[in-house]
Amino acid sequence: MRSLPSIIHLDMDAFFAAVEQAAKPSLRGKPVIVGGLGGRGVVSTASYEARRFGVHSAMPMAQARRLCPNAAFLAGRFEAYRQVSELVMGLLRELSPLVQPLSLDEAFVDLEAGPYGPALAAVDHGTGERLVLALAEDLRADIQRRTGLTASVGAAGSKLMAKIASEQAKPDGLVLIEPGQERAVLGPMPVRALPGIGPATEQVLRRAGLATVADLAEAGEAELVQLLGRAHGSGVYAMSIGLDDRPVVADQDAKSVSVEDTFEVDLADRDRVLREVEVLAARCVRRLRAAGRSGRTVVLKVRRFDFSTLTRSETLRGPTDDETVITETARRLASQVDITGGVRLLGVGVSQLADYTQEDLFAQAVREEAGEPEATAGEEEGQAEPAGPAVRHWMPGQDVRHAEFGPGWVQGSGVGRVTVRFETPWSGPGRVRTFAVDDPALEPARPLPLRGGDGFEGGEGVEGGAGEEPGDAGAGGGGAAAGG
């Protein structure tokens, strides 16, 4: 435990929804809900405007539509979120090499390990706290300037209390908890405020009459060990009295890469299941390659109609990022699974990750067995002629570019038409136009930077008119929000 609140926890406010509002001027100040748009989809993030209607993360999307029918319901744009996240994490690493990302939008930072460490060690306690607050405020201002987004920051002497502080700071705030005040802050909180206490553990504690963190501290370690077991009980007791000596660990390495889909209607046809596995395997490989990784174990996840879940895995001779190998392995695993009654969810993942690919004859053998021709000289991935006309699917929120009207985003599509709003992060609210779904002038596009001339590296740039300047991504804008 530290005597100086030199650990900070940063949490971006309503991150996915905030990125969408920053990128789409017509949605600023309006309810925005990001997540799976199918009948079984769930909410990933809701803007604060949507939260006022009772919408929250992990809520079924159908329920969110009932609570907030006039919100903009958007599919996720993970390339945009990842690029904004990399910019924010870069700002954190300017403060310290010890940055521990927990997700795209939150991380711990150990200020004592960075360039301000000597200054923090040399000053008295009060001056040290003021320096921590100044660094945190500068960080929040830098994030807002570079992205137009807001962040909440907590500072404390431990990771536990820094996380608690950032929750108290939301939205768009900064809270410092002085070392020594841990029990006073934690005491009135419900037991679920402590990490590692989920619904099941909460029920066990409630049956024993323990509802608040103060109740846990008063019960003592022996009683909590009896209720929860040695390791869990001891850990919960230590946290209940504010003890947490976990270090900030830089860049914890991912153990696996995976993707999964939940289907609106249970899949009972074997061929359909295998086709979906192929699609998932291709998506998994794209993520694997984007991370510069390869993996040795292919994992298939299946959730059946009765919510029972099983996994099957196969370990290869060496790590690979070859799509054919991973797809054929996943298909082989799927062919061994009983799908009687229907399949609700499928997932494909790769584990035992490595930073290289061990070339062998396995991939070549799989290709030859499948009858695939070898690539000719100069042929690049993705350049092969399609076997037939591709069916174009446009998702709400998707970035697009029109040959005549420039960049925009999809508001919705159906019955052979797609509606696009043409605006950029630094423009005002744009006009809406409708096209045929197969209009050759309309193409998918990469995300634009949230700030003109700054921020992350997006897709194609936008040329402004005479005197046009990048707008304030935090400013409100009119225009109708996209419908559900």
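**Entry 1**

The model is predicted: local features need pLDDT of at least 70, side-chain atom pairs count only at pLDDT 80 or more, and totals for chains, interfaces and linings use all residues. Residues are numbered from 1 along each chain as its sequence is written, and side-chain values use heavy atoms, with hydrogens and water left out.

S1 and S6 run antiparallel and are joined by five bridges. Two strands pair if DSSP finds at least two bridges between them. I then checked S7, which pairs with S1 in the antiparallel sense over six bridges. There Ile7 stands opposite Ala156 of S7.

Is S1 buried or exposed? Six of the six residues of S1 are buried, so the strand is largely enclosed by the rest of the structure. Buried means under 20% relative accessible area, exposed over 50%, and partly exposed in between (1.4 Å probe, protein chains only). In a regular strand the side chains alternate between the two faces of the sheet. Both faces of S1 are covered, with Ile7, His9 and Asp11 buried on one side and Ile8, Leu10 and Met12 buried on the other.

**Entry 2: the sheet around S1**

I wrote down the strand order of this open sheet as S5-S6-S1-S7-S8, five strands with mixed pairing. The edge strands are S5 (99-103) and S8 (174-176), each of which pairs on one side only. From one strand to the next the twist averages 15 degrees. Angles run from 0 to 180 degrees between N-to-C directions, and axes are lines fitted to C-alpha atoms, for helices over the stretch in contact.

S7 (residues 151-156) pairs with S8 in the parallel sense over three bridges. Gly154 has Val175 as its bridge partner in S8.

Which helices pack on the sheet? Helix H4 (residues 78-95) does, touching S1 (7-12), S5 and S6 (106-110), and its direction makes about 155 degrees with that of S5. Helix H6 (residues 125-147) packs on the sheet too, touching S1, S7 and S8, with its direction at about 160 degrees to that of S8. Contact here means heavy atoms within 4.5 Å.

**Entry 3: two helix pairs**

I followed H4 to helix H1 (residues 15-23): their axes come within 10 Å and cross at roughly 100 degrees. H1 and H4 are therefore roughly perpendicular to each other. Angles under 35 degrees count as roughly parallel, over 145 as roughly antiparallel, 65 to 115 as roughly perpendicular and the rest as oblique. Phe15, Phe16, Val19 and Glu20 of H1 meet Phe78, Ala80, Tyr81, Val84 and Ser85 of H4. The residues of this contact divide into seven nonpolar, one polar and one charged. Ala, Val, Leu, Ile, Met, Phe, Trp, Tyr, Cys and Pro count as nonpolar, Asp, Glu, Lys and Arg as charged, and the others, Gly among them, as polar.

Next I took helix H9 (residues 199-207) and helix H11 (residues 221-228), whose axes come within 11 Å and cross at roughly 125 degrees. That makes H9 oblique to H11. Thr201, Val204 and Leu205 of H9 make the contact with Leu224, Leu227 and Leu228 of H11. Five of the contact residues are nonpolar, one is polar and none is charged.

**Entry 4: backbone exceptions**

Most residues other than glycine have a negative phi, and most peptide bonds are trans. I found a cis peptide bond from Lys170 to Pro171, with omega near -10 degrees. Pro171 lies in the loop between helix H7 (159-169) and S8.

Asp172 is in the loop between H7 and S8, and its phi is near 55 degrees, a positive value in a residue other than glycine. At 41% relative accessibility, Asp172 counts as partly exposed.

Val415 has a positive phi of about 45 degrees, although it is not a glycine. Val415 sits in the loop between S14 (406-414) and S15 (417-422) and is exposed, with a relative accessible area of 86%.

**Entry 5: Ser47 and the whole chain**

Where is Ser47? I placed Ser47 in the loop between S3 (43-46) and helix H2 (48-51). Ser47 is buried, with a relative accessible area of 1%. Not counting residues up to four places away in sequence, Ser47 touches Ala14, Ala17, Gln21, Lys30, Pro31 and Val32.

Last, I noted that the protein chain has 15 helices and 17 strands. Buried residues make up 44% of its 484 residues.

Note on methods: Helix = DSSP H or I, 4+ residues; strand = E, 2+ residues; numbered from the N terminus.
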